[in-house]
Amino acid sequence: MYDNILVDREGPLAFITFNRPKVLNAMNHQTKEEVLAALEELEAEDSVRVVIFRGAGGKAFVAGADIKEFSGLRPIRQWEERRRLHFYERVAAFPKPVIAMIGGYCLGGGCELALACDIRTASASSRIGQPEINIGLLPGGGGSQRLPRLVGQGKAMQLILTGDMISADEAKSIGLVEEVYPDEELEERTKELALKISEKSPVALRLAKEAVRGAAKMGLEAGLEYESALFSLLFSTDDTAEGVKAFLEKRKPSFKGE
Ligand code: CO8
């Protein structure tokens, strides 16, 4: 159905796999269109609780935007694409939890995609960076804004100004990825993490994600008001009633997402 990605379901999990291993899964325009279409599909499927991005071929998650599309690119075309797609913003705003499962190179637009996800796991041998500066560019998919929020301004500056790739362990030490697993355990351990999340109330997950995203969008006072409104809203849901009841009855809750 898609040329550049694969979409697979496994119980409550859905995988979107970047599938252009010959170019280390570099993302071209068509890939982005396909990812957005897949996300739309997965948003509508109640059985899908968590989405995981991964790369095919074992060598890369995504080695960046497809540099071939940059040669002779007209500024107006680039501006129009951004205006029309809002690719990275739509990944970040997806209403279900999204995990970037990084196996191998995670560079440029690939790193920015990972930054737009909610949680990042990486295999120990992964290499992560924002090398745009090496081709006379800067991160144009949100990296200059999301990276400093995650790792602090100094480290973000260093990564963006040098274009250096760092190891998964270093990425974890600066907060750029949340978990590092041995290469052969990446998929299994990431699935365990995703399955744990998938058991929670989908509606509570959605609002919790919104609340945390709010922290990057507003000041503390407005953020606390936002959190309070979302917290209160959850008392209108069956899931919250069920969660509280199940706790008091000392049993596992059964969440319906309503
Ligand atoms: N775009 C296009 N093709 C690529 C890319 C890429 N980003 N990365 C790798 N490839 C291709 C190579 O050209 C090569 O193709 P071919 O076999 O036809 O020559 C193939 O993939 C395999 O790559 P290598 O032979 O280079 O593999 P190596 O193991 O020697 O090196 C590297 C791996 C170090 C990852 C190397 O491929 C590399 O440096 N790649 C480029 C990484 C990069 O600079 N990424 C950032 C791109 S710019 C960007 O992402 C901007 C984002 C802005 C987003 C906002 C847009 C709206």
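**Ligand shell and helix packing in a predicted model**

Q: Which residues are the closest to the ligand?
A: The model is predicted, with local features requiring pLDDT of at least 70 and side-chain atom pairs pLDDT 80 or more, while totals for chains, interfaces and linings use all residues. Residues are numbered from 1 along each chain as its sequence is written, and side-chain values use heavy atoms, without hydrogens and water. The ligand is surrounded by 25 residues, a residue being near when one of its heavy atoms lies within 4 Å. The closest are Lys59, Ala63, Ala65, Ile67 and Gly109.

Q: What percentage of the ligand's accessible area does the protein cover?
A: Ala65 places a polar backbone atom 2.8 Å from an oxygen atom of the ligand. On its own, the ligand has 1100 Å² of accessible area, by the Shrake-Rupley method with a 1.4 Å probe.

Q: Which elements give two or more residues to the shell around the ligand?
A: Helices (H or I, at least four residues) and strands (E, at least two) are DSSP runs, numbered from the N terminus. The elements in question are β6 (105–107) and α4 (109–116).

Q: Are α1 and α2 roughly parallel or roughly antiparallel?
A: Axes are lines fitted to C-alpha atoms, for helices over the stretch in contact, and angles run from 0 to 180 degrees between N-to-C directions. The axes of α1 (residues 29–44) and α2 (residues 75–85) come within 12 Å and cross at roughly 10°. Angles under 35 degrees count as roughly parallel and those over 145 as roughly antiparallel. The two helices, α1 and α2, are therefore roughly parallel.

Q: Which residues of α10 make the contact with α9?
A: Helix α9 (residues 202–217) and helix α10 (residues 220–234) pack at about 175°, with axes 9 Å apart, so α9 is roughly antiparallel to α10. Contact means heavy atoms within 4.5 Å. From α10, the residues are Tyr226, Leu230, Leu233 and Leu234.

Q: Which side chain is joined to that of Thr240 by a polar contact?
A: Thr240 belongs to helix α11 (residues 238–248). At 3.0 Å, the partner of its side chain is that of Thr237.

Methods
Polar contact = N/O pair within 3.5 Å; in protein donor to acceptor, adjacent residues only side chain to side chain. Parallel < 35°, antiparallel > 145°, perpendicular 65-115°, else oblique.
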